[in-house]
Amino acid sequence: MQDIKITDLPLNPQACLDFVKDDASGASNSFVGRVRNHTNSKTVVRLEFEAYEKMAIKEMKKIVDTAMKKWPISKIAFHHRTGNLSVGEIAVIICLSTPHRKEGFEACQYCIDTLKETVPIWKKEIFEDGEVWVSATP
Amino acid sequence: MKVKILAFGISKDILGTSAINLELDQHATVGQLKAKLCAEHKEFQKLSSLMIAVNSEYASTDTILNENDEIALIPPVSGG
């Protein structure tokens with residue numbers, strides 16, 4: 001079972017954890033990405049996330065489908081936030097259940113690493129003295 | 001032919017709008033579209049990468065564009 005979502009509303013880790021509950025799966029593994037208060041030595045005021053939503057959902061689904069082929073995942077929630085986020089707010093949640101922990105850790109890492117490479121979502125960092133689209137230029 | 005192009009992230013800032021209409025030769029390729037964009041807007045050349053999505057899938061430079069395709073500019077992604 002999959003629950004893939006992009007939303008401009010706050011993300012809920014407990015709802016994701018509840019979704020992946022499965023009596024045959026002893027491991028519920030999660031990754032939660034939050035807004036950090038600095039980049040290098042600069043203070044981050046907030047982040048703005050933008051998605052090409054139709055394509056981002058498709059790419060997130062490809063990641064989930066691949067993960068479910070590679071590891072014995074029974075349920076997985078993959079949520080990403082859009083809009084303005086302040087420091088500490090949750091930008092992304094991956095939560096998945098597997099029979100044992102090892103494959104859960106691996107699957108979780110695969111999902112977040114691949115999201116950062118392929119899913120068309122962009123973040124702009126807003127500093128006290130300017131702003132920059134992350135990774136846009138070398 | 002006229003195509004509509006969606007712009008996201010820094011590409012939206014470069015174009016100053018989230019969608020443009022562009023006149024392309026019939027059977028133009030993704031590579032030709034990128035060359036035209038980079039020639040008209042030098043800032044595109046400074047990006048780490050610029051991918052093009054056609055109908056919400058990543059497209060290679062030799063993909064042929066059609067009039068009703070949904071084309072999108074995909075600068076380096078930075079989700080998560």
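**Reading the contacts, term by term**

Analyst: In this predicted model, the side chains of Lys102(A) and Glu106(A) meet in a salt bridge, with 2.9 Å from N to O.

User: What makes the pair of Lys102(A) and Glu106(A) a salt bridge?

Analyst: The term asks for a side-chain nitrogen of Lys or Arg within 4 Å of a carboxyl oxygen of Asp or Glu. Lys102(A) and Glu106(A) have N and O at 2.9 Å, so the pair falls within the 4 Å cut-off. Both residues lie in helix α3 of chain A, four residues apart, which is about one turn of the helix.

User: Why does Lys102(A) count as exposed, and what does Glu106(A) count as?

Analyst: Exposed means over 50% relative accessible area, and Lys102(A), at 57%, therefore counts as exposed. Glu106(A) has a relative accessibility of 34%, so it counts as partly exposed, the class that lies between the cut-offs of 20% and 50%.

User: Which salt bridges join chain A and chain B, and how many are there?

Analyst: The count between chain A and chain B is four, whereas over all chains it comes to 13. Among those that cross is the one from Lys54(A), in helix α2 of chain A, to Glu70(B), in the loop between β4 and β5 of chain B. The closest N and O atoms of Lys54(A) and Glu70(B) are 2.9 Å apart. Lys54(A) has a relative accessible area of 46%, and is therefore partly exposed; Glu70(B), with 25%, is partly exposed.

Another one runs from Glu57(B), in strand β4 of chain B, to Lys58(A), in helix α2 of chain A, and here the closest N and O atoms are 3.3 Å apart. Glu57(B) counts as partly exposed because its relative accessibility is 29%, and Lys58(A), with 30%, is partly exposed. Salt bridges link Lys58(A), Glu59(A), Lys62(A) and Glu57(B) into a network.

User: Why is the aromatic pair of Tyr52(A) and Phe8(B) called stacked?

Analyst: A pair of aromatic rings is described by the distance of the centres and the angle of the planes. The rings of Tyr52(A) and Phe8(B) are 4.7 Å apart from centre to centre, with 25 degrees between the planes. Centres within 6.5 Å make a pair, and planes under 30 degrees apart count as stacked, so that is the term used. Tyr52(A) lies in the loop between β4 and α2 of chain A and Phe8(B) in the loop between β1 and α1 of chain B, so the pair joins two chains.

User: What makes the pair of Trp71(A) and Tyr110(A) tilted?

Analyst: The ring centres of Trp71(A) and Tyr110(A) are 5.6 Å apart and the planes stand at 50 degrees, so the pair is tilted; stacked would need an angle under 30 degrees and edge-to-face one over 60. Trp71(A) is in the loop between α2 and β5, and Tyr110(A) is in helix α3, 39 residues apart, so that the pair links distant parts of the chain. Trp71(A) has a relative accessible area of 12% and is therefore buried, since the cut-off is under 20%.

User: How do you know that Glu50(A) is buried, and which residues of chain B does Glu50(A) touch?

Analyst: Glu50(A), found in strand β4 of chain A, has a relative accessible area of 15%, which is under 20% and so counts as buried. The contacts of Glu50(A) include Ala7(B), Phe8(B), Gly9(B) and Lys12(B). The side chain of Glu50(A) reaches the backbone nitrogen of Gly9(B) at 3.1 Å, and a polar contact of 3.3 Å joins the side chains of Glu50(A) and Lys12(B).

User: How many residues are in contact between the two chains, and what area do they bury?

Analyst: In total, 29 residues of chain A are in contact with 25 residues of chain B. The two chains bury about 2,100 Å² between them, 53% of it on carbon and sulfur atoms. Of the area that chain A buries against chain B, Tyr52(A), Met55(A) and Trp122(A) supply 29%, more than any other three residues.

Conventions: Residues are numbered from 1 along each chain as its sequence is written. Chains are lettered from A and ligands numbered from 1 in the order in which they are written. This is a predicted model: local features need pLDDT of at least 70, side-chain atom pairs count only at pLDDT 80 or more; totals for chains, interfaces and linings use all residues. Side-chain values use heavy atoms; hydrogens and water are left out. Contact means heavy atoms within 4.5 Å. Buried area is the accessible area (1.4 Å probe) that two parts lose on being put together, summed over both. Rings of Phe, Tyr and Trp (its six-membered ring) pair if their centres lie within 6.5 Å; planes under 30 degrees apart count as stacked, over 60 as edge-to-face and the rest as tilted. Buried means under 20% relative accessible area, exposed over 50%, partly exposed in between (1.4 Å probe, protein chains only). A polar contact is a pair of N or O atoms within 3.5 Å; within protein, one must be able to donate a hydrogen and the other to accept it, and residues adjacent in sequence count only if both atoms are side-chain atoms. Lists of a residue's contacts leave out its neighbours within four places in sequence.
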